[in-house]
Every structure is written in structure tokens, then in C-alpha cells.
Amino acid sequence: MDLATQVGSVALPAPVLTASGTAGFGTELAGAMDFGALGAVVVKSLAHFPWPGNEAPRVVPTPAGMLNAVGLQGPGVAAWRDQQLPALVAGGARVVASIWGRTVEEFGRAAAELAGAPGVLAVEVNVSCPNVEDRRRMFAHSARATAEAVEAAGAAGLPRWAKLSPNVPDVVEIAGAALAGGAEGLVLVNTVLGMAIDPARRAYRLGSGPAGGGLSGPAIRPIAVRAVHDVRAAFPTVGIVGVGGVASGRDAAELLCAGADAVEVGTATFADPGAPLKVLLQLVRWCQRHRVPAVRDLVGSVHRSSAPSSVEAPSGAEASPGDRVGRGVAAAARDPGDVAPPVAPGPDDGSALLAAVRAQLDALDQGMARQTEEVARLGAALAKLAEALLAASEQPAEGRGRP
Ligand SMILES: Cc1cc2nc3c(=O)[nH]c(=O)nc-3n(C[C@H](O)[C@H](O)[C@H](O)COP(=O)(O)O)c2cc1C
């Protein structure tokens, strides 16, 4: 099984990467998985200055994912480069550094601090952040601001991937602007704007208050699939990385078919730190079951297909639970291929990689087992706390200072 892929000029040995902001700055998850088995590790977005991020609470669970308002907390490029990058590279990771800024100039400064950084393959330009020069709109909401930020990131002297927002009427237009600014890869998509309010307290649930947060996880996968599909149709040869709600090998295969050269795994990592490796392993199994010898064969395949549209009833083993209406969100995230027994590996079908990934997963499972007891204990404590909070919130609002 050939897992190699290519995003613009960047060759990757495997098509699964971590998503920025969900695997820390690199060292936090290093003990939980072998980063070298992944295509690359995309680190949390860094500015040219240290940034404290938003007030807590920063994350809120949602029915099919989560809302976050971490607010781009980070140590700054220079400190990360000195203190964390060396260990990441020594651990075998191929690194993609994500940068952000509040002005075009700040994108340029962050990029310049990356120039010559050993082991960094590419810079991911996160334009989903407020542009203080443009009435606090996000860079990613303006074609011109996107092009300017990407152009400024050229100071890194590295291949540039532009990470775009789905919160725009025409993502293809913004993608075109990013390419005009010098991007050779497009990362689709960042989180979807959202908000959570606690009606009992008449209060915002995230510390960012009226600024809200970003929705991620399975709920946004169709949005990512659509964005990747439409951008691939418009730009047949550009590098594309799909990100949004990938939690299984089948999810990854869906984004690859839509046109992604590789995928990133984000929110799934919070439930299971081994998720990116599991997605990779499941993708290998999925390809074996579906007789796909090389991942590259899948990329953009829906654009070459004459198969009937999804309104026709799926049949037999190819029917994804996601195609059956009413089976629930959890079932929709799983394909029979994810649970089918693996096909016996042959001599040249990636069995060495499979063995390495399995060894990693075994180690992770052992660690998880040790943590299960602790989690159960914490769960009981949290349940008690939740009961107490519920009881308090059901008291009349009078006397608690709320309208
Ligand atoms: C807690 C959290 C922090 C994130 N931080 C960043 C970030 O620093 N930079 C960035 O480009 N995207 C960030 N993202 C967005 C993810 O990289 C990804 O685009 C998005 O979550 C969709 O993928 P997912 O559904 O697999 O999580 C963050 C997402 C989450 C959930």
C-alpha cells in the first residue's frame, strides 16, 4: 500500500497530519504517539510575540463536536523555535509551523522568525484571525487581506499553505487570492463561527463572551468536504489539505475523494490522543478493503467518477451508516470499513508501517487503561459537581445579581 502524497512541492510519506491547535506546540503529545509515523505535525499557530489567549472557559462540548475560544495562546515563534522545535525534530516529526498576526506586518515578522528553522517543511498561514487594520474582520473574510498576509509570509522562505475559513460566501474566491499571494497549498477548513449561551445564567458559556468561538468536530465535516470539493474543481493541480471532523479512516477517504492530497485530524485528538494514528491505520485498512493500491489514486476521484449521485440508495457492503437517515450522529461517523477485520498484509502493502502503527496503538491503549480508573473517579466527582451546579442554577435569578 503506497501512502505517499504531495502537497504542492512538499512530499509527505503519509496523508494524515495533526491539525493546528489540537496537538499543542509539539512536545505535549510527543509521548502519546510516534510523530514520525504521521505525514507531518502542524503546530499550534504562533505569532511573533507571546500571546496569553482568552479567558477560561475556552472550550464547550457540543452535540457533534466542540466550540473553542482558546484565542491563539502561544509562546511566540522565537521561544518555540528555541525551546520546543529541537525536541520535536529529534523525535522524528516533520513539522509544519502555523503562524498568525493582527496585521500584515505581523504575519511578515512571524514568518521571518521561521526562516532557516531546521526541520520545518512548510508554513501554514492561519488567516482566520482578526485583522485590526480592517475593522476587526478576519483576514480570511477578505480576498485582498488574505493575499497580503500570505505574501508577507513569504519572509519564511518556505512553501506556504494558506489555512482558510469556511465562514465566507465564496471560499473559491478566497482560495484564488491565497494562490495569487504565493500559497502553494490550501488548508480547508478552520472552525465555523459559533456561540453557546447558558440560558439559566443568562450568560455566555465561553470566556470570549460576545465574540463567541469556533465549532469543530463531526458537525463540520460536510462543510470541509464541500470546500475541498469546490476548490479542487476550480484548481485541479494545487495542493489541498482537508480538515474538519475527521475521526476515522473512512472520513479521511471522503476528503481525499473530494480532492484533498492529505488530511489533518483535530478535535478527535481531544477524545483520544492516538486519533491521528488510528485514522491512518483505518485508512490503510479501508484502502485494502476497497482495493486501492495507492492513496494518490483516491485524491479527487469523485471529480473523475460517473457514479450516480448520493440520492440513490446505497447498496450492500458499500452502504455507509452515514447514508442511512436516522441512525444518529455517532453511527454516521463510522463506516463498516472501520470495524472490519484487517486484510492480511502482503509483502509490499505497508506491513512495516502497519506494525509500527499497531505498536504505537498498543502502547497508547496500555496508557489509556491506566487512566481509565482515574477518569472514572473524576467522572463521579464531576457528576456530583454538576448536580450541585444544576441545583444552584435552578434557584430563582433574584438575589444573584442577574436580570
Ligand atoms: C481547541 C482548538 C484550537 C485550535 N487552534 C487552532 C490554531 O491555533 N490555529 C489554526 O489554524 N486552527 C486551530 N484550530 C482549528 C483546527 O486546526 C481545525 O481547523 C478545526 O478544528 C477543524 O478540524 P477538526 O474538526 O478535526 O477539529 C483549533 C481547533 C480547536 C478545536
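How many helices and how many strands are there in the protein? There are 14 helices and 18 strands, where helices (H or I, at least four residues) and strands (E, at least two) are DSSP runs numbered from the N terminus. The model shown is predicted, so that local features need pLDDT of at least 70 and side-chain atom pairs count only at pLDDT 80 or more, while totals for chains, interfaces and linings use all residues. Residues are numbered from 1 along each chain as its sequence is written.

**View 1. The packing of helix 7 with helix 9.** Helix 7 (residues 249–258) packs against helix 9 (residues 275–289) at an angle of about 70 degrees, and their axes are 7 Å apart; axes are lines fitted to C-alpha atoms over the stretch in contact, and angles run from 0 to 180 degrees between N-to-C directions. Helix 7 is therefore roughly perpendicular to helix 9, a description that covers angles of 65 to 115 degrees. Helix 7 contributes Gly249, Arg250, Ala252 and Ala253 to the contact, and helix 9 contributes Val279, Gln282, Leu283, Arg285 and Trp286, where contact requires C-beta atoms, placed from the backbone, within 7 Å.

**View 2. Lysine 163 in strand 11.** Lysine 163 lies in strand 11 (residues 160–164), and it counts as buried because it has 28 C-beta neighbours inside 10 Å, the cut-off for buried being 20 or more other C-beta atoms within 10 Å. Apart from its neighbours within four places in sequence, lysine 163 is in contact with Glu124, Val125, Asn126, Val127, Ser128, Val187 and Asn190.

**View 3. Leucine 164 and the largest nonpolar core.** The largest nonpolar core has 107 residues, of which Leu164 and Leu186 touch the most other members; such a core is a set of buried Ala, Val, Leu, Ile, Met, Phe, Trp, Tyr and Cys residues joined through C-beta atoms within 7 Å. Its largest share, nine residues, comes from helix 9. Not counting residues up to four places away in sequence, leucine 164 touches residues including Val127, Ala140, Val171, Leu186 and Asn190.

Terms used:
Parallel < 35°, antiparallel > 145°, perpendicular 65-115°, else oblique. Contact = placed C-beta atoms within 7 Å. Buried ≥ 20, exposed ≤ 12 C-beta atoms within 10 Å, placed from the backbone.
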